[in-house]
Amino acid sequence: MLQRTFSIIKPDAVRNGYTGAILAEIDRAGFRIVAIRKQSISGPQAEGFYHVHKERPFFGDLCVFMSSGPLVLLVLEKDNAIADLRKLMGATNPANAEEGTIRKRFAGSIQENAIHGSDGEDTAAFEIGYWFAAYELI
Ligand code: ATP
Ligand code: MG
């Protein structure tokens with residue numbers, strides 16, 4: 001079933017010059033880029049995006065990191081997009097990520113882990129709508 005998911009190329013990966021290589025991996029895996037925007041985000045914008053994690057000990061540091069420099073916001077589409085992107089990303093901690101995954105290749109730590117991907121249909125819908133207006137999704 002054709003499905004959409006939301007992704008972010010995180011500030012560490014942009015800073016390290018991996019934007020093009022990660023986009024190439026996403027393309028090679030068969031995703032269609034529905035929307036794409038490079039921008040910086042504020043601390044409060046990061047806090048709103050990651051609100052489900054607000055009680056976690058890493059929440060503050062995570063929001064500082066996410067607002068530390070430009071990132072790339074993406075809406076991606078393919079069959080089974082949500083699960084397939086999570087598989088392409090690899091484990092949250094790059095030390096545990098499988099060979100060939102984006103986090104294995106491009107992530108430096110459990111926090112600075114190169115890429116975000118929605119973890120379910122409800123979160124994908126919330127995250128797409130948080131960053132993009134309907135008229136941008138073409
Ligand atoms: P994402 O939601 O970014 O796709 P994920 O679903 O693999 O990643 P989550 O558990 O949702 O992982 O955590 C969100 C983000 O918070 C992680 O991607 C990482 O940047 C950061 N994070 C998670 N766990 C830790 C931790 N123990 N220490 C520091 N940062 C963490
Ligand atoms: Mg997550």
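What classes of residue make up the lining of the largest pocket? By class, that lining has nine nonpolar, eight polar and seven charged residues. Here Ala, Val, Leu, Ile, Met, Phe, Trp, Tyr, Cys and Pro count as nonpolar, Asp, Glu, Lys and Arg as charged, and the others, Gly among them, as polar.

Welcome to the close-ups: the model is predicted, local features need pLDDT of at least 70, side-chain atom pairs count only at pLDDT 80 or more, and totals for chains, interfaces and linings use all residues. Residues are numbered from 1 along each chain as its sequence is written, chains are lettered from A and ligands numbered from 1 in the order in which they are written, and side-chain values use heavy atoms, with hydrogens and water left out.

**View 1. The largest pocket and its lining.** Of the 24 lining residues, Tyr50, His53, Phe58, Leu62 and His116 lie nearest the pocket's centre. Helix H4, helix H5 (81-89), strand S4 (115-117) and helix H7 each give two or more residues to the lining. Helices (H or I, at least four residues) and strands (E, at least two) are DSSP runs, numbered from the N terminus. A pocket is an open set of points on a 1 Å grid over the protein atoms alone, where a 1.4 Å probe fits, with protein on both sides within 12 Å along at least five of seven lines; lining residues have an atom within 4 Å of a point.

**View 2. The largest nonpolar core.** Among its 20 residues, Phe6, Met66, Val75 and Phe132 touch the most other members. Such a core joins buried Ala, Val, Leu, Ile, Met, Phe, Trp, Tyr and Cys residues through side-chain atoms within 4.5 Å. Buried means under 20% relative accessible area, exposed over 50%, and partly exposed in between (1.4 Å probe, protein chains only). H4 gives the most to this core, with five residues.

**View 3. Helix H5 and its buried face.** The buried residues of H5 are Ala81, Ile82, Leu85, Leu88 and Met89. Seen down the helix axis, they fall within an arc of 130° (taken from the directions from the axis to the C-beta atoms), so they line one face of H5. These residues pack against S1, helix H2 (19-28), S3, helix H6 (102-106), S4 and H7. Just after H5, Gly90 takes a positive phi of about 90°.

**View 4. Val64 in helix H4.** With 58% relative accessibility, Val64 counts as exposed. Its C-alpha atom is separated by 6.2 Å from that of Gly43, 21 residues apart along the chain.

Terms used. Contact = heavy atoms within 4.5 Å.
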